[in-house]
Amino acid sequence: METRSAAAKKKKLFFCKENEHSHNNIDRITELPDAVLHHILFLLPIKTVAQTSVLSKRWRSLWSSFPDLDFTTLNPFPKPCSSSKSHSLNCKESDFITQVLNNRDKHSDIRILRFRARLSFSRLNGLIRLAIRHKVQVLDVEVFTEDYFNFPRCVIASDSLRVFKLKSRRPGFRLPPSSVMTSGFRSLQSLSLSRISLCNQPSLSDMFSESSFLLLKKLSLDTCFGLKHLRVGCRALQDLTLENCFELQGLDVSGSKLERLRIAKCFDGYIEKSWVKIDAPRLGVVLWEHNALSDNICMENLSYLHKASIGMLHEDVSVAKLQSVSNLFSALSLAHCLTLESNCIEILSNNNYFAVYLHQFSNLKYLELHTGFKKNNVPGLASIFRSCPMLHTLILNIINDFKTERRQWNKDLWEMSNSEEEKYWESQTLNLKLFLHHLKIVKILGFLECENEVSLAKFLLKHGKSLEEMILSTGHCKARHCLQRQKIRSQMMGFSWASSNAKITFH
Amino acid sequence: MSTSTDNNASITQESGPSAAVQDIQKKIVVRTADGEVFNLKEEVAMEIDIIKTFFQEDSISYETVMPLPNVEGWEMVKVIEYCTKHVELKHKVDGYKERKAFQALFVQNLSTKSLLALTNTANYLEVKYLLDFLCQAVSEQIKNKDVDYVRELFGVENDFNDEEYEQVKAEAPWAHENLNNDLH
């Protein structure tokens, strides 16, 4: 809201008619103020923006004050050292990013600096220092260096830095000790580090504690060599991602504001006594992808959980680790949407006694299962269905590979169809009563008219009272035996259906 | 939205003529540089921040005709057209396709000169979403085009001498490289 005097001034101007006829025909763009021209330039790749600097003196100053420098839109990326012509310039000065930064209007701040480059550490450090001097807010850097390098400490003291992303290609970089890392970063809200060598500090227990990184909302750690123990407890943290930490043995995450957690390809599968402890009651999304199983998973039941995705690294789970699996499922049992990757189905299929005790997913409305749909998966699937009484949408994503043997549905035995699978499903009718009562949408991808999926589809059609839609799609697989498929399809359309509203679609 | 007179009848004392003025004014009147007068629906007028501030700041009566000396008549027509559509689509759940179709038509017959004038007006009138859209439209016109094209399109006069020009070019040689080889 304007002040009274400002508003009054504006009103005075209303009554003075501006001379609009000065630039009669051609140059209408000069009338636009700098901020609007910048607005237009923000939408263009940096090469175009830099080109406009030769248009006129004004445009040159527009370029030198342009706040968003995203060099990743340059394609191809210019070489760091210029050609033989410039013998007077040393390598450092001919580095074009440094050149751009040096040519800038001294008083204009940089908002975003983003680049990907192959360079030495001293050059990297110099560039970053220059950016910090221009009060950069978002610094997003991907580097290819010759050797391991040390974390550029000059960023720590910056008061303007809100977002810092440092991604290194081979080999990687080292972090300073916790006391140094937590001594600054006063305004940092998002930190993303990739490819860190932590062999000299395998235990990061006090770097991301409750009293450090007070404004940090998003943290992402990727590929941390040598990281064995990690504790994250930043007070303001909302989003935590941890991936490719293969040597991790212990993980402790706590945060009252944490809403999203993703842990992928972590944990050392060969270590005994690995553990996970998550204390984040407000978690809404949990993605647990391809992690080796720990011996001890401690996670409170997450009542705000909306979406969860579980993927296990191995199918073969020792009896000792089954409790962890059980704890994990139990913690995620209040989810509304759940995705289970193929190894989960295998684990649940191979351990029948455990499957019996599978926790109820009482809020679950949407379930997506990835499975090879082998014969022995059927009881596992049945037990999952039994645990989802309120399910609305079921998506079955069948992984068709050459390893899995799947019997084709025998169309000739249609009338006398009483395959084992069918008999099994029929035997589960009472167990699956609630599930069948609520199920509305079924989608099967990778549907190749094999016995397993046809039996299931038939069963669901026969008993699904609320069924509205069934979509049977081949997905990415090539359709085979077109004529036979047609016959099977028409047979399927002739099944007895429990729900008169149901509709089948074949893709 | 309404004038300073309180609507709450149980509190105020009705006092003759001034009470009559208190009825809800739904139209706002503006006059553009070429003398044209426009009657705007209140909800559309309030989309234009400069108008909103003018009337709300000092609780000015809607009887006042607001002068807009920096805005041409045809520009006002276009602004009203866009804001009216925006207000209409606000209440629609899935208006994406409709909005896209409308936007395409909106700029279809506009010359670059008019587009730039309209952008300037949108900035002056303070209609953020219209400004965003017009800036996008302008950027589309110069995307992947070389400097000479841009200069011609916008009619920017070169105020560098030859020496200065080469100097500026040398400040970012990477930007002027491969201009003819660009595949995009």
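Modeller: Helices here are DSSP runs of type H or I with at least four residues, strands are E runs of at least two, and both are numbered from the N terminus. The model is predicted.

I take chain B and begin with helix H6(B), which covers residues 112-125. This helix has 14 residues and spans 20 Å from its first C-alpha to its last, close to the 20 Å expected at 1.5 Å a residue. Glu126(B) follows H6(B) and has a positive phi, near 65°. As for burial, which counts below 20% relative accessible area, H6(B) is mostly covered, with 11 of its 14 residues buried. Among them are Leu115(B), Leu116(B), Leu118(B) and Leu125(B), together with Ala117(B) and Ala122(B). The buried set also includes the polar residues Thr112(B), Ser114(B), Thr119(B), Asn120(B) and Thr121(B).

Chain B also holds an open sheet of 3 strands, ordered S2-S1-S3, in which the pairing is mixed. Strands S2(B), residues 37-41, and S3(B), residues 65-68, stand at the edges; each has a single partner strand, so one side of each lacks a neighbour in the sheet. From one strand to the next, the twist averages 30°. Helix H4(B), residues 73-90, packs on this sheet and touches S1, S2 and S3 of chain B. The direction of H4(B) makes about 10° with that of S2(B). Within the sheet, S1(B), residues 27-32, pairs with S3(B) in the parallel sense over 4 bridges. Here Val30(B) stands opposite Met66(B) of S3(B).

For context, chain A contains an open sheet of 5 strands in the order S8-S10-S12-S14-S16, and its pairing is parallel. Its edges are S8(A), residues 203-208, and S16(A), residues 296-299; each has a single partner strand, so one side of each is left without a neighbour in the sheet. Neighbouring strands of this sheet are turned by 5° against each other on average, direction ignored. Ser203(A) stands opposite His229(A) in S10(A).

Asn343(A) lies in helix H10(A), residues 342-350. Its relative accessibility is 12%, so Asn343(A) counts as buried. The side chain of Asn343(A) reaches the backbone oxygen of Met312(A) at 2.9 Å.

Methods: Residues are numbered from 1 along each chain as its sequence is written. Chains are lettered from A and ligands numbered from 1 in the order in which they are written. This is a predicted model: local features need pLDDT of at least 70, side-chain atom pairs count only at pLDDT 80 or more; totals for chains, interfaces and linings use all residues. Side-chain values use heavy atoms; hydrogens and water are left out. Two strands pair if DSSP finds at least two bridges between them. Axes are lines fitted to C-alpha atoms, for helices over the stretch in contact, and angles run from 0 to 180 degrees between N-to-C directions. Contact means heavy atoms within 4.5 Å. Buried means under 20% relative accessible area, exposed over 50%, partly exposed in between (1.4 Å probe, protein chains only). A polar contact is a pair of N or O atoms within 3.5 Å; within protein, one must be able to donate a hydrogen and the other to accept it, and residues adjacent in sequence count only if both atoms are side-chain atoms. The expected span of a helix is 1.5 Å times one less than its number of residues.
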